[in-house]
Amino acid sequence: MTGRREFLRMSGLAMGAVALSPSLLAWAAEASQAVATHAIGVLPPLGYAPDSLEPFIDAQTMSIHHDKHHKAYVDNLVKAIGDDPKLSSMPVEVLVANLQTVAEEKRTAVRNQGGGHANHSLFWPSLKKNNGAVPNGELGKAIDKNFGSFPAFQKVFTKAALSQFGSGWAWLALKQDGTLQVIGTSNQDTPLSAGMPPIFGIDVWEHAYYLKYQNRRPEYVQAFYNVVNWDFVQERYAALKKV
């Protein structure tokens, strides 16, 4: 977790950067695990046993996804950055939110590998068997206000996940005006690069589900609602809204 002063110092190193959105500055201000930032060269722990999400997501998929795929993003991001001290000192979330500060010859690699690191660092704590729970509290109210109801939100979110052509993600993100939006991103792109902090997302790359579901992405997406860690997601939303 980065302190506000240190966060501003690091973002100030990125000369020519556009102003960071208030929601990104929230990571510096809020002493909350839900808005923690992550070091560029560090693979965060999964945080639970790989079989914790059975039968919805299998243990082998979780192990390979975290230990192999996410680790590869971390390792390749370090290689892409090289010996640039300005970039390597930034949390990965700050880096992908300020891609214009990266030299053009490195930008595509940093976008892909940094996005993979940032996306997965949020994905793991967003998962936990929820026994059919749905969001409540302020997030539940915001979902009702923005989408009409939780089932209506599910319909929009499911459509975003299923209509993503090829690899990518579907996200619930916080817009700068404080409203919620469901968006899809290709490959390892992240809403952070558009100034919208993601609240949670679903990985629809085939490696996230193929061992269990093969080409049946709709089944995976429906199963996913059983493993959204709504406690974490609600805490994250509340922390970001405090800006």
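Ser-126 sits in the loop that links helix 6 (104-123) to helix 7. Before going further, keep in mind that this is a predicted model. Is Ser-126 buried or exposed? Its relative accessibility is 1%, so Ser-126 counts as buried, the cut-off being under 20%. Setting aside residues up to four places away in sequence, Ser-126 touches Phe-200, Val-227, Val-228, Asn-229 and Phe-232.

As background, most residues other than glycine have a negative phi, and most peptide bonds are trans.

Now step back to the whole chain. The protein chain holds eleven helices and three strands. The chain has 243 residues, and 51% of them count as buried. Take the contacts between residues at least 6 apart in sequence: 71% of these join residues at least 24 apart.

Next, look at how some of the helices meet. Two packed helices are described by the angle between their axes and the distance between the axes. The axes of helix 7 (residues 137-147) and helix 8 come within 8 Å and cross at roughly 70°. That angle makes helix 7 roughly perpendicular to helix 8, because anything from 65 to 115 degrees counts that way. The crossing of this pair is left-handed. On the helix 7 side, the contact is made by Ile-143, Asp-144 and Phe-147, and on the helix 8 side by Phe-150, Ala-152, Phe-153 and Val-156.

Glu-138, Leu-139 and Ala-142 of helix 7 make the contact with Trp-230, Val-233, Gln-234 and Tyr-237 of helix 11.

How does the span of helix 11 (residues 230-241) compare with what its twelve residues should give? At 1.5 Å a residue the helix should span 16 Å, and its end C-alpha atoms are 16 Å apart, which agrees. In helix 11 the buried residues are Trp-230, Phe-232, Val-233, Gln-234, Arg-236, Tyr-237, Ala-239 and Leu-240.

Back on helix 8 (residues 150-163), you'll find Leu-162. With a relative accessible area of 37%, Leu-162 is partly exposed, since it falls between the 20% and 50% cut-offs. Leu-162 and Pro-218 are 56 residues apart in sequence, yet their C-alpha atoms are 6.7 Å apart in space. Leaving aside neighbours within four places in sequence, Leu-162 is in contact with Arg-217, Pro-218 and Val-221.

What about the interior? The largest nonpolar core has 50 residues, and Phe-153, Leu-180 and Tyr-220 are the ones that touch the most other members. Another core, of 16 residues, lies apart from it, with Ile-81, Leu-95, Val-102 and Ala-118 among its members. As for Leu-180, its contacts beyond four places in sequence include Leu-139, Ala-142, Ile-143 and Phe-147, along with Leu-172, Ile-199 and Tyr-237.

Lys-175 lies between strand 1 (168-174) and strand 2 (180-186), and it is partly exposed, with a relative accessible area of 30%. Not counting residues up to four places away in sequence, Lys-175 touches Gln-181 and Met-196. The C-alpha atoms of Lys-175 and Ala-194 are separated by 9.5 Å, and these residues are 19 apart along the chain.

Move on to the loop between strand 2 and strand 3 (198-203), and there is Asn-187. Asn-187 has a positive phi of about 55° although it is not a glycine. At a relative accessible area of 40%, Asn-187 is partly exposed.

One last stop takes us back towards the start of the chain. Which residues does a cis peptide bond join? Glu-54 and Pro-55, with omega about 5°. Pro-55 has its place in the loop between helix 2 (22-29) and helix 3 (59-81).

Note on methods: Residues are numbered from 1 along each chain as its sequence is written. This is a predicted model: local features need pLDDT of at least 70, side-chain atom pairs count only at pLDDT 80 or more; totals for chains, interfaces and linings use all residues. Side-chain values use heavy atoms; hydrogens and water are left out. A nonpolar core is a set of buried Ala, Val, Leu, Ile, Met, Phe, Trp, Tyr and Cys residues joined through side-chain atoms within 4.5 Å. Buried means under 20% relative accessible area, exposed over 50%, partly exposed in between (1.4 Å probe, protein chains only). Contact means heavy atoms within 4.5 Å. Helices (H or I, at least four residues) and strands (E, at least two) are DSSP runs, numbered from the N terminus. The expected span of a helix is 1.5 Å times one less than its number of residues. Axes are lines fitted to C-alpha atoms, for helices over the stretch in contact, and angles run from 0 to 180 degrees between N-to-C directions. Angles under 35 degrees count as roughly parallel, over 145 as roughly antiparallel, 65 to 115 as roughly perpendicular and the rest as oblique. A crossing is left-handed if the near helix is turned anticlockwise from the far one by less than a right angle, and right-handed if clockwise.
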